[in-house]
Each structure stands twice: as C-alpha cells, then as structure tokens.
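Welcome! Take a look at the model below, then work through the exercises one step at a time.

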Amino acid sequence: MTTPSTATTSSAPSTAVHSEGTPSRRGSLGPVGLVLAGGVSVQFGAALAVGLMPRAGALGVVTLRLLAAAVVLLVICRPRLRGHSRTDWGTVIVFGVTMGAMNGLFYQAAARIPLGAAVTLEVLGPLALSVLASRRAINFVWAGLALAGVFLLGGGGFGDLDLAGVAFALGAGAMWATYIIFSARTGRRFPQADGLALAMGVAALLMLPLGVAESGAKLLDPVTIALGSAVAIMSSVLPYTLELLALRRLPASTFAILMSLEPALAATAGFLILNQALSAVQAAAIALVVVASMGAVRTQVGRGKVTGLEPVS
C-alpha cells in the first residue's frame with residue numbers, strides 16, 4: 001500500500017489545494033472515499049481467498065492473485081519500459097518486492113488465525129507509520145488506544161492464537177508500512193497506474209516459484225484460476241489502483257490512520273463469508289482499534305492539514 005511527501009523541497013503536494021494555497025476541504029474527501037472503497041473490496045476479496053486456500057494453498061492463492069492482477073494491469077495500462085531512470089526502476093522494483101512479501105506474509109497469517117485478528121495485527125504497521133509521520137502528541141494517545149485493543153485481542157499474550165500466524169501478521173504489517181512509502185513514491189514517478197502495473201509484475205514474478213513449489217498443478221485447475229482471478233480483482237487491481245490514486249492527494253499519516261479501519265472490515269467479511277464469529281472480547285478489541293482510527297482522523301481533519309513523510313534522497 002503509498003505515501004506522498006509534504007516537504008517543501010517536493011514538487012508534488014500531498015493534499016488538494018486552492019489556488020491561494022489553502023487546503024481544499026471538498027478535495028480532501030475524494031481520496032478518503034477512495035481508500036475506504038478499496039478497504040471494503042480488499043477485505044471481502046481476502047475472505048474469498050481464505051475460502052480458496054484449501055484448493056490451492058496460501059502461497060498458491062497469492063501467486064494466482066498477483067499473476068491475474070499483473071496481467072490485467074499490464075494489458076490495461078500498457079506501461080512503457082523506456083525513458084525511466086535507475087531511481088525510477090529501483091523504486092518500482094522495491095515496491096513490487098514489498099507488495100509480494102506483504103501479500104505472502106498476510107495469507108500465511110490468514111491461513112492460521114481468524115481474518116479479523118490477522119488484519120488487526122497487520123494494521124500496527126501503518127499505525128506506527130502514522131505516529132512516526134505526525135508531529136502531534138495526541139496521535140501517540142490514539143496509537144496507545146489501538147495497542148490496548150491489540151493487547152485485548154490477544155488476551156494479554158496471544159495464548160489463544162497460533163503464534164506463527166501472529167508473527168506472519170506482524171511481518172505483513174511491517175511490509176504494509178513499507179508499501180505505503182514506496183507506493184507513493186511510485187505514484188509520483190510514473191504516470192497514471194503505470195508504476196503499479198510494473199510493480200505488480202515484479203511481485204508476481206517473485207511469488208511464482210513459491211506458489212508452484214507449494215501447489216504445483218493445482219494452479220492450472222480452471223475453477224481455481226477463475227476464483228483466483230476474482231480475488232485478484234477484488235484484493236489487488238481495484239483497491240491498489242484506488243489507493244495509488246488517493247495517495248497522490250492524501251498524506252501518508254492520514255492514509256495510514258485510515259488503514260486502522262481495516263480490522264472492522266475484515267471481521268465483517270470473515271463473519272459474512274467465512275462464518276468466523278467474534279467473541280465479545282475480540283469485538284471490543286477491534287472496536288478500540290477503530291475508535292483510535294476515528295479519533296486520529298478527526299485530529300488531522302480538525303488541524304486542517306497533516307504532516308507527511310520527508311523524502312529520502
């Protein structure tokens with residue numbers, strides 16, 4: 001997932017502004033809506049993917065998802081391969097590697113622990129990025145509230161959750177934070193969704209040998225291919241495109257905070273599609289994370305602007 005810079009040396013502003021330089025309130029609603037729509041799509045796509053895992057395995061599902069998404073995006077965008085600098089290619093390659101690692105780790109987690117729990121743990125990555133990107137002390141309060149929710153989710157020690165699944169989810173969170181940074185950089189260096197299409201191709205090539213090693217001929221089953229393609233549209237093509245477009249106008253910290261809504265979306269998708277019911281304690285834990293997100297968003301909106309990440313030279 002990507003983060004624009006608001007440094008004075010950057011030529012690309014991270015929020016929509018009026019001609020006199022005042023942030024446009026109406027313009028800021030557009031990217032937020034895009035992120036939320038992408039979140040709904042990706043979590044219901046993830047629930048569909050969990051149901052597909054018995055047919056193709058976790059890495060097999062990731063491979064199908066990324067391959068189908070790469071084909072769709074490369075055909076639609078037809079990105080040109082010439083005229084890019086080494087820095088451009090380095091950015092898109094790191095973006096693709098991060099995307100592949102993020103997906104692979106998350107699906108390993110989702111195969112072991114409930115979807116809502118996996119996303120709640122994964123969202124710690126973007127939340128940590130939000131705290132680091134913002135200079136307001138109040139955001140540490142919201143982060144603390146979210147951490148309290150995660151602690152409650154684990155019953156004080158995650159004794160009820162598969163520890164490997166917890167570790168995979170936390171690793172996916174670290175990759176998600178990195179994804180946010182490099183998606184924004186890719187969006188600034190490549191027109192339209194060209195950079196996303198190229199990065200998706202890199203991610204697909206990275207995961208292909210792992211998926212073949214785990215699932216082999218199962219990946220050639222027509223039903224599995226069809227379901228994997230549906231997962232690709234819902235969990236990759238649509239949300240990643242919406243997020244990339246949103247992050248051209250949305251600061252990194254705000255985007256990362258919005259990602260804290262993902263646990264509630266994941267829990268809903270898990271309940272509706274996978275019959276993964278939540279206990280009262282788990283529901284309360286996820287609610288704490290969502291409340292932290294809402295509070296942080298209100299803090300940022302009330303301020304009228306937010307601080308993004310400084311560019312890396």
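**Exercise 1.** Which residues does L265 touch, not counting residues up to four places away in sequence?

Before starting, note that this is a predicted model, where local features need pLDDT of at least 70, side-chain atom pairs count only at pLDDT 80 or more, and totals for chains, interfaces and linings use all residues. Residues are numbered from 1 along each chain as its sequence is written, and side-chain values use heavy atoms, with hydrogens and water left out.

*Solution.* Step one: find L265 in helix α11 (residues 262-274); helices are DSSP runs of H or I with at least four residues, numbered from the N terminus. Step two: look for contacts, meaning heavy atoms within 4.5 Å. With residues up to four places away in sequence left out, L265 touches G39, V40 and Q43.

**Exercise 2.** Is L265 buried, partly exposed or exposed?

*Solution.* Buried means under 20% relative accessible area, exposed over 50%, and partly exposed in between (1.4 Å probe, protein chains only). L265 has 23% relative accessibility, so it counts as partly exposed.

**Exercise 3.** At what angle do α3 and α7 pack?

*Solution.* For α3 and helix α7 (residues 163-189), the angle is about 155° and the axes are 7 Å apart. Step two: α3 is therefore roughly antiparallel to α7, a term for angles over 145 degrees.

Methods
Helices (H or I, at least four residues) and strands (E, at least two) are DSSP runs, numbered from the N terminus. Axes are lines fitted to C-alpha atoms, for helices over the stretch in contact, and angles run from 0 to 180 degrees between N-to-C directions. Angles under 35 degrees count as roughly parallel, over 145 as roughly antiparallel, 65 to 115 as roughly perpendicular and the rest as oblique.
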